[in-house]
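Hi,

Here is the structure I said I'd send over. Have a look at it first, and then read on for what I found.

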Amino acid sequence: MEWFIQLAVAAIASGTPLLFATLGGILNERSGIIQLGAEGIMLMGAVTACMTYLHTGSFIASLLAVAGVGAALGLLHAFMCVTLRTNQVVSGLAMTLFGSGLSAYLGKSVAGTPIPGSVPKLDLPFLEPLPVIGDIFARLDVLTWFSFALVIVLHLLIHRTSWGLHLRAIGDNPATADVMGIRVQLLKYGYTVAGSMLIGLAGADLLLAYSPTWIEGMTAGRGWIAVALIIFARWNPLRALFCAYFFGVMDTIGFKIQLIGSSIPSYFLKMIPYVVTILVLMYLGWRNRNKPTGAPEALGIPYIREQRF
Amino acid sequence: MKRMKRSWTLGIVLVFAWAAVLSACGGNNGKPSASAPASESPSASAGAPGIAKPRVAFVYIGPPGDGGWTYQHDEGRKYMEKELGIQADTVENVPESADAERVIGELAQNHDIIFTTSFGYMDQTLNVAKKFPNVKFEHVAGYKTNDNMATYFGKNWEASYLSGIAAGKMTKKNLIGYVAAFPIPELIYNINAFALGVQSVNKDAKVSVVWSNTWFDPTAERNAAVSLLDKGADVLLAYQDSPASLQAAAERGAMAGGNDSDMTRYAPEAYLTNPVWNWGPYYVKKVKALMEGTWTNEPYLGSFQDGMVDIAPLGPSVPDDVKQLVNETKEKFVRGELNVFTGPILDQSGAEKVAAGQALTDAEILEMNWFVKGVEGTIPQ
């Protein structure tokens, strides 16, 4: 049981940045815009959080700055994809390259300086006496609780409100949505900006809550994992929660297995997350082979009013 | 669909433009090589007349701000510049790929001596060295040389042994965690020396090893450290390039050390110590040799004796008697009286690897592929 609790705590800690990035990506892609810039936006979020925290010492100010930077990058991506109608894959890759390079350049002055402090913890003493639940949930930080709330809010937003209906409509069939009087381009801008803010927050969470020093390239591919998790979760926030924690477990279970003293080569253990991803994708693909993939139908296709396809 | 096609092309052009811009900002971050005098003849083989003002270049794997490996090389460069009054050029963030060969080749066209400061540049350095016989090359940690290419490294296992003494004294639960990058000899002899240091002061303590299979990934390093702390380790040593393990240990009230440079600033109260590199004197020596025409391609292995290998100051939480013990042992290394791998040494299965009274040679240490008794962990074969 001890082992399970430790695993759960580690999985939540390393899964939370992934969860933020996946939720942001879902919001982006539900509106029909492919988001491959997650890695770059996360890095920009992390470096912004670090620099703001070192200058102001304020957790709130850091989050606001990160939201601002995320929004700016989202705006740029939306401008390229919605207004200029460039290829969304290429625009996303450009965001990743741009974010990695710019964050490395901006972060030079703060690289290697640890931030004094961390995300405030939300202690819930009344959970303390409960077995297992108390051990896992009584001492999480506020960003983790925020990510839980966000999962529920986004789930309700997408599936239970008319805003969500509009969001799904512009992602699936923008022409019809346009005819219905929905302001397609405006909403695409809005959701791309909002999604990018969440992805930036993922980087901030990685830095503030997990690894409190800016180091160039610190996401080490987690943005790309988030891109895979969007597909894995089939664009659904609730599934994103399980997928992110599942990946969090996979991130740490390799070390646990090494420590039990198994003779499985560590290189193989390092492969586990990726092998499992492939296996689960195959299983889901097989199980749902007669159902839609869950991908927004107009994903990646620029919407041009009155153009026939 | 013509529109789509055009946007693809435009997009690809954009990506390449970004890539070009980025490599321009990230790559040539040092001073422009124009600062080097171009008139001098770049030829000087060993014994030939020296070069009064050699043009020196350094190739770095990371940014000097990494707080570890590259930081120490950059400190060495600054020391060399100050001692000899010459300016060196640096190129940072050079990947260990074909890019490295291109960068080293370009530098070779207008430099007299080039230090390539990562093991992964070995073949690229050798290839360029063969093409530019009049330029001297210095490659760190490798085993391939050429008439104009030398290698240099140090016996940092001696410093690992000292870290082990401190760790063995500080552990209360007798379980020490070691976050190790890759299962290669460099890690294996450092882990063994560390464990022997631990055992020299604490017979009951075990050293538990996890492989992270990365030099640099703060999140993975942290996960590895947390796994060790969950297992009950109260002292960690991380032979990695980031301070993530030290930070994780500090949060749990454990102690830890890192690698390459003094990491006190990341978590002063939790800091133990770790081996550090001090490349400056070697850089001075080799550039000076080039100036005097006495440069040779002899492989060099530094130690405490010449100061290339050292140990970071012990953290403020380490008691004075432990500090004293470490310093006394360090003096033995400085005087050359102690060899870490002196028998009897048993391997994990209990078989005798080094007989009593015998000691391993440097060459045997540099290709070590077995763990000493008291280390928990496996080496993937």
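This is a predicted model: local features need pLDDT of at least 70, side-chain atom pairs count only at pLDDT 80 or more; totals for chains, interfaces and linings use all residues.

Strand 1 (residues 56–59) of chain B and strand 3 (residues 113–116) of chain B run parallel and share 4 bridges. One of the links is B:Val56, whose bridge partner in strand 3 of chain B is B:Ile113. Strand 1 of chain B also pairs with strand 2 of chain B, again in the parallel sense and over 4 bridges. There, B:Val59 has B:Val91 of strand 2 of chain B as its bridge partner.

These strands belong to an open sheet of 6 strands in chain B, with the order 2-1-3-4-5-11 and parallel pairing. Which strands stand at the edges? They are strand 2 (88–91) and strand 11 (300–302) of chain B; each has a single partner strand, so one side of each is left without a neighbour in the sheet. From one strand to the next, the twist averages 20 degrees.

Helix 4 (residues 122–131) of chain B packs on this sheet and touches strand 3, strand 4 (136–140) and strand 5 (149–154) of chain B. The direction of that helix makes about 170 degrees with that of strand 4 of chain B.

Is strand 2 of chain B covered or uncovered on its faces? Both faces are covered: B:Ala88 and B:Thr90 are buried on one side, and B:Asp89 and B:Val91 are buried on the other. As background, side chains in a regular strand alternate between the two faces of the sheet.

Zooming out, chain B has 11 helices and 15 strands. Of its 381 residues, 52% count as buried. If you take the contacts in chain B between residues at least 6 apart in sequence, 65% of them join residues at least 24 apart.

Chain B is also divided into two domains: domain 1 (40–154 + 279–302) and domain 2 (157–274 + 312–376). Their C-alpha centres lie 30 Å apart. Domain 1 of chain B puts 7 residues into the contact and domain 2 of chain B puts in 6. On the domain 1 side, helix 2 (residues 69–84) of chain B gives the most, with 3 residues. That side divides into 3 nonpolar, 3 polar and 1 charged.

Now for where the chains meet. In total, 40 residues of chain A are in contact with 39 residues of chain B. On the chain A side, helix 1 (2–30), helix 4 (88–106), helix 11 (237–260) and helix 12 (266–287) each supply at least two residues. Helix 4 of chain A has the largest share, 9 residues. By class, the side of chain A that touches chain B has 19 nonpolar, 14 polar and 7 charged residues.

One last item, within chain A. The axes of helix 6 (residues 142–160) and helix 7 (residues 162–172) of chain A come within 5 Å and cross at roughly 75 degrees. Angles of 65 to 115 degrees count as roughly perpendicular, so that is how helix 6 and helix 7 of chain A stand to each other. Helix 6 of chain A makes the contact with A:Leu157, A:Ile158, A:His159 and A:Arg160, and helix 7 of chain A with A:Trp163, A:Gly164, A:Leu167 and A:Arg168. That contact has 4 nonpolar, 2 polar and 2 charged residues.

Cheers

Definitions and conventions. Residues are numbered from 1 along each chain as its sequence is written. Chains are lettered from A and ligands numbered from 1 in the order in which they are written. Two residues are in contact if their C-beta atoms, placed from the backbone, lie within 7 Å. Ala, Val, Leu, Ile, Met, Phe, Trp, Tyr, Cys and Pro count as nonpolar, Asp, Glu, Lys and Arg as charged, and the others, Gly among them, as polar. Domain bounds come from an automatic or database domain assignment. Axes are lines fitted to C-alpha atoms, for helices over the stretch in contact, and angles run from 0 to 180 degrees between N-to-C directions. Angles under 35 degrees count as roughly parallel, over 145 as roughly antiparallel, 65 to 115 as roughly perpendicular and the rest as oblique. A residue is buried if 20 or more other C-beta atoms lie within 10 Å of its own, exposed if 12 or fewer, and partly exposed in between; C-beta atoms are placed from the backbone. Two strands pair if DSSP finds at least two bridges between them.
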